[in-house]
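Subject: Structure handover

Hello,

Please find the structure below.

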Amino acid sequence: MILDAAERTTRNGPAGMRLQDIAREAGVSHPTILHHFGSREGLLQALNARAIRQLTRDLSGAMASAQSGRESVARTFATYRDGVAQRLIWLIQSDALQKGRRLEMFDEVVESLHRARLGFAGPGPVPDIADTRRTIHLITVAALGDALLGGQLRNAGASEAVERDAFEQFLSELIACHLTQGA
């Protein structure tokens, strides 16, 4: 309940996060929050950990359940657009991440896509997991950037959804071309 309330009350970023507001929203006392999380920073770290678990589940699910590369890209972009991009930026800016350390959450996503690639691979060279990691890197950076700035860069007005879909289609075709190169 506390984490749900914290998510609802911190939509504009963790800087304005007040434990009293979260306690009121959750229907608990301020000391109850401190009992469970120790401090405001502890609550923020719990929110970040929750966001990472959800992002990992969503992205792994998108990779595993997508019927096509286009669908996988669309689901990944939708995951980031749903507020996850902002939460990931907050996480990166917080002390919750050690500098220079890769986000382990992407390992699960990479492994999920790589299993799918191995399943589709025909005879010949086995797909390299490093190449799969670079592909996930590209999709992640594109989806994160599009969630944060895509609408402003496109400036498409009423055609935003159409233009966004066209960009996702372009990216999925680019990735498919790369992944099938030499196959």
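**Notes on the helices**

Helix H2 meets helix H3 through Leu19, Gln20, Ile22 and Ala23 on the H2 side and His30, Ile33 and Leu34 on the H3 side; contact here means heavy atoms within 4.5 Å. Sorted by class, this contact has five nonpolar residues, two polar and no charged. Nonpolar covers Ala, Val, Leu, Ile, Met, Phe, Trp, Tyr, Cys and Pro, charged covers Asp, Glu, Lys and Arg, and polar covers the others, Gly among them.

The model is predicted: local features need pLDDT of at least 70 and side-chain atom pairs count only at pLDDT 80 or more, while totals for chains, interfaces and linings use all residues. Residues are numbered from 1 along each chain as its sequence is written, and side-chain values use heavy atoms, with hydrogens and water left out.

The protein chain has eight helices and zero strands. Both are DSSP runs numbered from the N terminus, helices being H or I with at least four residues and strands being E with at least two. Of the 183 residues in the protein chain, 38% are buried. Buried means under 20% relative accessible area, exposed means over 50%, and partly exposed lies in between (1.4 Å probe, protein chains only). If we take the contacts between residues at least 6 apart in sequence, 61% join residues at least 24 apart.

How do H2 and H3 (residues 30-37) cross? Their axes come within 8 Å and cross at roughly 100 degrees. The axes are lines fitted to C-alpha atoms, for helices over the stretch in contact, and the angles run from 0 to 180 degrees between N-to-C directions. H2 and H3 are therefore roughly perpendicular to each other. The cut-offs are under 35 degrees for roughly parallel, over 145 for roughly antiparallel, 65 to 115 for roughly perpendicular, and oblique for the rest.

H2 (residues 19-26) also has a crossing with H1 (residues 2-9), where the axes come within 8 Å at roughly 120 degrees. These two helices are therefore oblique to each other. On the H1 side the contact is made by Ile2, Ala5, Ala6, Arg8 and Thr9, and on the H2 side by Asp21, Ile22, Glu25 and Ala26. By class, the contact of H1 with H2 has five nonpolar, one polar and three charged residues.

Which residues of H2 are buried? They are Leu19, Ile22, Ala23 and Ala26. Seen down the axis of H2, these residues fall within an arc of 100 degrees, so they line one face of the helix. The arc is that of the directions from the helix axis to the C-beta atoms. In H1, the buried residues are Ile2, Leu3, Ala5 and Ala6. They cover an arc of only 160 degrees around the axis, which puts them on the same side of H1. Just after H2, Gly27 takes a positive phi of about 75 degrees.

Two residues elsewhere complete these notes. Ser39 sits in the loop between H3 and helix H4 (40-65). Is Ser39 buried or partly exposed? At 30% relative accessibility, Ser39 counts as partly exposed. Ser39 and Leu19 are 20 residues apart in sequence, and their C-alpha atoms are 9.0 Å apart in space. Thr140 belongs to helix H7 (residues 129-154). Thr140 counts as buried, at 11% relative accessibility. Leaving out residues up to four places away in sequence, Thr140 touches Tyr80 and Phe106.

Regards
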